[in-house]
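Visitor: I have just started reading protein models. Could you walk me through this one and tell me what the words mean?

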Amino acid sequence: MAANFWASSHYKQLLEQEEVDVVHSPDKEKGFTLEDFKLIKMQMSNYIAKLAQYVKVRQRVVATAITYMRRVYTRKSMTEYEPHLVAPTCLYLASKAEESTVQARLLVFYIKKQYNDEKYRYEIKDILEMEMKVLEALNYYLVVYHPYRPLSQLLQDAGMTELTQLSWGLLNDTYKMDVILIYPPYMIALACIYIASVLKEKDTTAWFEELRADMNVVKNISMELLDFYDSQKVTADERIGAALHKLALKP
């Protein structure tokens with residue numbers, strides 16, 4: 001891993017929002033909308049997290065797997081790269097990258113346990129074949145810097161460790177979105193601290209001024225997360241099901 005974020009491949013691969021919000025041509029032909037695209041990525045993020053609970057890996061592995069999955073779909077279509085196979089493959093690859101290796105056969109066991117539908121009940125060879133495709137889609141860049149460490153350090157330095165649990169929960173939810181592909185990790189951490197401090201009615205104005213953080217970016221990330229929460233109030237399972245149904249339709 002690079003000595004610091006600014007010298008890493010992660011930093012060099014940060015994207016603009018419009019580069020992330022792209023529905024590829026094969027998906028458009030199936031009637032995919034940007035909302036469908038986001039819903040399925042969120043569903044696959046949840047799927048990765050659920051599989052990770054079964055195979056007992058650290059949160060960092062989950063976060064890396066989700067980042068890989070989201071990076072893949074900035075370059076590849078869901079029609080060509082089936083999400084139900086890409087998701088566990090990214091978990092398998094992330095477990096190796098983060099030195100918490102999970103055996104492919106164990107993943108396959110729990111995949112079969114989760115799905116009765118034969119088309120989602122993959123074998124070891126499917127995972128291994130998709131691993132090579134995912135690596136290619138990632139351009140073999142596997143380094144991911146996460147906001148967890150800067151979050152802990154910032155709260156410790158500020159003497160605000162009482163905000164840790166709330167901030168950490170907010171941070172976990174950012175992986176249901178694409179912010180990790182767009183913003184530096186420490187800015188995402190600051191946004192989570194900002195929201196937590198507002199919710200707990202803690203005045204952090206002087207602290208943020210002392211940090212000289214770009215508050216426009218902090219507030220932009222905060223608003224994206226709050227907008228995400230608002231959207232989830234009306235996002236029903238049926239809408240996710242409808243998006244996945246489009247994916248299953250033959251061209």
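Guide: Gladly! Helices are DSSP runs of H or I with at least four residues, strands are runs of E with at least two, and both are numbered from the N terminus. This is a predicted model, where local features need pLDDT of at least 70, side-chain atom pairs count only at pLDDT 80 or more, and totals for chains, interfaces and linings use all residues. Residues are numbered from 1 along each chain as its sequence is written, and side-chain values use heavy atoms, leaving out hydrogens and water.

Visitor: How many helices and strands does the protein have?

Guide: The protein has 14 helices and zero strands. The radius of gyration, taken over C-alpha atoms, is 18 Å, close to the 18 Å from the globule rule (2.2 Å times the number of residues to the power 0.38) for 251 residues, so the protein is as compact as a globular protein of that length.

Visitor: Why is R212 called exposed?

Guide: Exposed means over 50% relative accessible area, buried means under 20%, and partly exposed is in between, using a 1.4 Å probe and protein chains only. R212 has 77%, so R212 is exposed. You will find R212 in the loop between α12 (205–211) and α13 (215–232).

Visitor: Why does K119 count as partly exposed, and what is Y140?

Guide: K119 has 44% relative accessibility, which falls between 20% and 50%, so K119 is partly exposed. Y140 has 51%, which is over 50%, so Y140 is exposed.

Visitor: What makes a space a cavity?

Guide: On a 1 Å grid over the protein atoms alone, a cavity is a set of points where a 1.4 Å probe fits but cannot get out. Points are joined across faces, edges and corners, and the volume is the space filled by probe spheres set on them. One cavity of 30 Å³ or more is found in the whole structure, and the largest cavity holds about 70 Å³.

Visitor: Which residues line the largest cavity?

Guide: Lining residues have an atom within 4 Å of a point. Among them are H10, Q13, R71 and I180. Helix α5 (residues 59–75) gives the largest share of the lining, three residues.

Conventions: On a 1 Å grid over the protein atoms alone, a cavity is a set of points where a 1.4 Å probe fits but cannot get out, and a pocket is an open set with protein on both sides within 12 Å along at least five of seven lines; lining residues have an atom within 4 Å of a point.
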